[in-house]
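Me: Could you walk me through this model, feature by feature? I would like the general idea and then the case at hand.

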Amino acid sequence: MISLTDTQKIGMGLTGFGVFFLFFGMILFFDKALLAIGNVLFVAGLAFVIGLERTFRFFFQKQKVKATGFFLGGVFVVLIGWPLIGMIFEIYGFFLLFRGFFPVVVGFIRRVPVLGSLLNLPGIRSTT
């Protein structure tokens with residue numbers, strides 16, 4: 001089992017609440033207050049989980065400047081009050097930032113009993 005420090009546990013909680021508020025804000029027709037809270041909690045939780053220095057290094061790598069610009073720009077646009085446009089920027093930036101992790105996630109999901117059998121269906125298997 002993986003042992004987590006207290007700071008990492010707090011970070012996991014903040015990240016979880018951030019994802020919850022982001023999801024809930026989108027469900028409630030892009031409520032800007034909930035999306036802003038979710039953004040702040042998600043980024044703060046990420047910093048708590050992996051540390052400030054590693055978070056900074058992750059976001060500001062030379063090859064990820066465009067992705068970071070879209071993601072943090074989207075956070076800023078949501079904070080100033082344009083939630084739909086900001087979330088479009090954020091989602092695009094998120095996919096650019098984390099696209100290297102998606103094959104790992106799909107490989108993990110393939111091993112989950114019910115979801116793995118769905119991902120192994122002929123039409124879906126060729127796309128993932």
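**Reading a helical model**

Reply: Let's begin with T68, which counts as buried at 3% relative accessibility; buried means under 20% relative accessible area, exposed over 50%, and partly exposed in between (1.4 Å probe, protein chains only). This is a predicted model, where local features need pLDDT of at least 70 and side-chain atom pairs count only at pLDDT 80 or more, while totals for chains, interfaces and linings use all residues. Residues are numbered from 1 along each chain as its sequence is written, and side-chain values use heavy atoms, with hydrogens and water left out.

Me: Thanks! How many helices and strands are there in the protein chain?

Reply: Helices (H or I, at least four residues) and strands (E, at least two) are DSSP runs, numbered from the N terminus. Here the protein chain has 8 helices and 0 strands. Its C-alpha atoms fill a box of roughly 45 × 35 × 30 Å, taken along the principal axes. Of the 128 residues, 29% are buried.

Me: Back to T68, then. Which residues is T68 in contact with, leaving aside its neighbours within four places in sequence?

Reply: Contact means heavy atoms within 4.5 Å. T68, found in helix α4, touches F59, F60, G73 and L97 on that basis, with neighbours within four places in sequence left aside. A polar atom of the T68 side chain also lies 2.2 Å from the backbone oxygen of F59.

Me: Which residues make up the largest nonpolar core?

Reply: A nonpolar core is a set of buried Ala, Val, Leu, Ile, Met, Phe, Trp, Tyr and Cys residues joined through side-chain atoms within 4.5 Å. The largest one has 10 residues: F42, L46, F58, F59, A67, F71, V75, L96, L97 and F98. Two or more residues of this core come from each of α2, α3 (52–59), α4 (65–80) and α5 (83–98). A second, separate core of 5 residues includes L22, L35, V78 and M87.

Me: At what angle do the axes of α2 and α3 cross?

Reply: Axes are lines fitted to C-alpha atoms, for helices over the stretch in contact, and angles run from 0 to 180 degrees between N-to-C directions. The axes of α2 and α3 cross at roughly 115° and come within 6 Å. L46, A47 and I50 of α2 meet L52, R54, T55 and F59 of α3 there.

Me: Which residues does the UniProt annotation "transmembrane region" cover?

Reply: UniProt positions are given in the numbering used here, feature names are shortened, and annotations may be inferred rather than shown by experiment. The unreviewed UniProt entry places "transmembrane region" at residues 12–30, 36–53 and 65–85. Residues 36–53 are 94% helix and 0% strand, with end C-alpha atoms 23 Å apart. For residues 65–85, the values are 90% helix, 0% strand and 20 Å.

Definitions and conventions. Polar contact = N/O pair within 3.5 Å; in protein donor to acceptor, adjacent residues only side chain to side chain.
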